[in-house]
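Subject: Structure handover

Hello,

The structure is below, followed by notes on what was found in it. Please read the notes with the coordinates open.

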Amino acid sequence: MSRAVIGMIAGMALGFAGYFGGFGAFLLVAALGAVGFVVGRLLEGDLEVGDFFRARDDRRR
């Protein structure tokens, strides 16, 4: 399935949630979609948990 089709399906899901459930449902579906995306990328190996955290020594001032 192409990324355009996946994006269209995600947009339709957000549209239905916003129309039938209101803005709160829209935000809930968007947040859960983002979490699912990150978990999927972690499971595929495209992303590592360490990418979200930096060591204190690497912090820029």
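A pocket here is an open set of points, on a 1 Å grid over the protein atoms alone, with protein on both sides within 12 Å along at least five of seven lines, and its lining residues have an atom within 4 Å of a point. The model is predicted, so local features need pLDDT of at least 70 and side-chain atom pairs count only at pLDDT 80 or more, while totals for chains, interfaces and linings use all residues. Residues are numbered from 1 along each chain as its sequence is written, and side-chain values use heavy atoms, with hydrogens and water left out.

Pocket

The largest pocket holds about 310 Å³ of space, where a volume is the space filled by probe spheres set on the points, joined across faces, edges and corners. Its lining consists of Met1, Arg3, Ile6, Ala10, Ala13, Leu14, Val29, Ala30, Gly33, Ala34 and Phe37. By class, the lining has nine nonpolar residues, one polar and one charged (nonpolar: Ala, Val, Leu, Ile, Met, Phe, Trp, Tyr, Cys and Pro; charged: Asp, Glu, Lys and Arg; polar: the others, Gly among them).

Ala30 is found in helix H1 and is partly exposed at 30% relative accessibility (buried is under 20% relative accessible area, exposed over 50%, partly exposed in between, with a 1.4 Å probe and protein chains only).

Chain

The chain has one helix and zero strands (DSSP runs, numbered from the N terminus: H or I of at least four residues for helices, E of at least two for strands). Of its 61 residues, 2% are buried. The chain exposes about 5,600 Å², and carbon and sulfur atoms supply 64% of that (Shrake-Rupley method, 1.4 Å probe; for residues, only the protein chains shown count as cover).

Aromatic residues

There are three aromatic pairs in the structure (rings of Phe, Tyr and Trp, the last by its six-membered ring, with centres within 6.5 Å; planes under 30 degrees apart are stacked, over 60 edge-to-face, the rest tilted). Phe16 and Phe20 are a stacked pair, 6.0 Å centre to centre with 10° between the planes. Both lie in helix H1 (residues 3–44), four residues apart, about one turn of the helix. Tyr19 and Phe20 pair edge-to-face, at 4.9 Å centre to centre and 85° between the planes. Phe16, Tyr19 and Phe20 form one aromatic cluster. Phe20 counts as exposed at 62% relative accessibility, and Tyr19 is exposed with a relative accessible area of 67%.

Phe52 lies in the segment after H1 and is partly exposed, at 48% relative accessibility. Leaving aside neighbours within four places in sequence, Phe52 is in contact (heavy atoms within 4.5 Å) with Val38 and Leu47.

Regards

Terms used
On a 1 Å grid over the protein atoms alone, a cavity is a set of points where a 1.4 Å probe fits but cannot get out, and a pocket is an open set with protein on both sides within 12 Å along at least five of seven lines; lining residues have an atom within 4 Å of a point.
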